[in-house]
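Dear colleague,

I am passing on the structure below, together with some notes on its charged side chains. Please keep it open while you read.

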Amino acid sequence: MRIAWAAPYLAALLALTGCGGSEKDETIAATTPARASTTPAAAPANPAPAAQPTPLENDNFVNVSGPLIVEHQVDVTAQKEGTLAKITTEAGARVKAGALLAQLDDRQIVANLEAGRAKSRSIENDLRNWQAEVQVVKADLVRAQRLYDDGLIPQDQLQHAQFKVESEQWDIKRVGELLNTARQEERSLELELEKTRITAPFDCLVARRYAREGQSVNRGDKLFWVTAESPLLLRFTLPEKFIGHIKTGQQLELTSPDAPNEQHSAKIKEVSSVIDPSSGTFDVLAEVFGAHGSLRPGMTATARLQIPQ
């Protein structure tokens, strides 16, 4: 009887407890979105970079560098085999074109040349003798013709005189060819004699000497290295995008780390019209003008080149 009496009170208590929990859950759910909406949006971690201008648009100057070169710079080699009899120029000397640098032993060639000249003179004298002989037989022919016309000699004697003149003329041509051959041999020996003289090919500085006196050399052996000192040139390459902006005659400033206190001027001498497909560049050649100061071939130079818009 006691349990039946308390049952209505227990049911009412359970109903009140369930209603209180639902209201609490609804309050949390409602307040959570509102709290989240007050949080500011985060900025992107990596913003997109602004577009950068190309070098041509951003800077009108380009710095280039390269070695200073000259057009004439060669190894002087022996033109024939022989023994170096004399060296007349040392490294560091400045010489004019054609100046004697060294001399090969030429005694045998000189002797052969003298013999060749004597042979030419002998054949020349022989030729003159044949020319005089022709005048004699021509006179005989004139006399024979006159005697034949007078009926004093037969026709075969006249023909003999005619053939004699013709024979002498052919002998003159033969000896003339012999003389021409002898003179060509003489000229060949003169050329061989010239090859024994080692000379400067142009106005130059003797930068290096490879050989010494008494040394036996073969044809093609290096004896000297010579270089011109002017004009100084600077060869460099530029990207292909600049090919329409570089013109011949354009000036540029030039300096060298080997001569830091000097500043020089140069101008564009050549601009290649061909692009190297492997590197995407083209060649430019500039020439230094004015006083060179301390600049020398082989030094590294840096030039500041303005790119016209």
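At 31% relative accessibility, Arg209 counts as partly exposed, and so does Glu90 at 44%, because that class lies between buried (under 20% relative accessible area) and exposed (over 50%), computed with a 1.4 Å probe on protein chains only. Arg209 and Glu90 form a salt bridge whose closest N and O atoms are 2.9 Å apart, a salt bridge being a side-chain nitrogen of Lys or Arg within 4 Å of a carboxyl oxygen of Asp or Glu. This pair links distant parts of the chain, 119 residues apart, with Arg209 in strand β7 (residues 204–209) and Glu90 in the loop between β3 (82–87) and β4 (94–95); helices (H or I, at least four residues) and strands (E, at least two) are DSSP runs, numbered from the N terminus.

Please note that this is a predicted model, in which local features need pLDDT of at least 70 and side-chain atom pairs count only at pLDDT 80 or more, while totals for chains, interfaces and linings use all residues. Residues are numbered from 1 along each chain as its sequence is written, and side-chain values use heavy atoms, leaving out hydrogens and water.

In helix α4 (residues 155–195), Arg174 and Asp171 are three residues apart, which means about one helical turn, and they form a salt bridge with the closest N and O atoms 3.6 Å apart. Asp171 is buried at 18%, whereas Arg174 is partly exposed at 42%.

The search of the whole structure finds 15 salt bridges, and a network of them links Glu114, Arg117, Glu186, Arg187 and Glu190.
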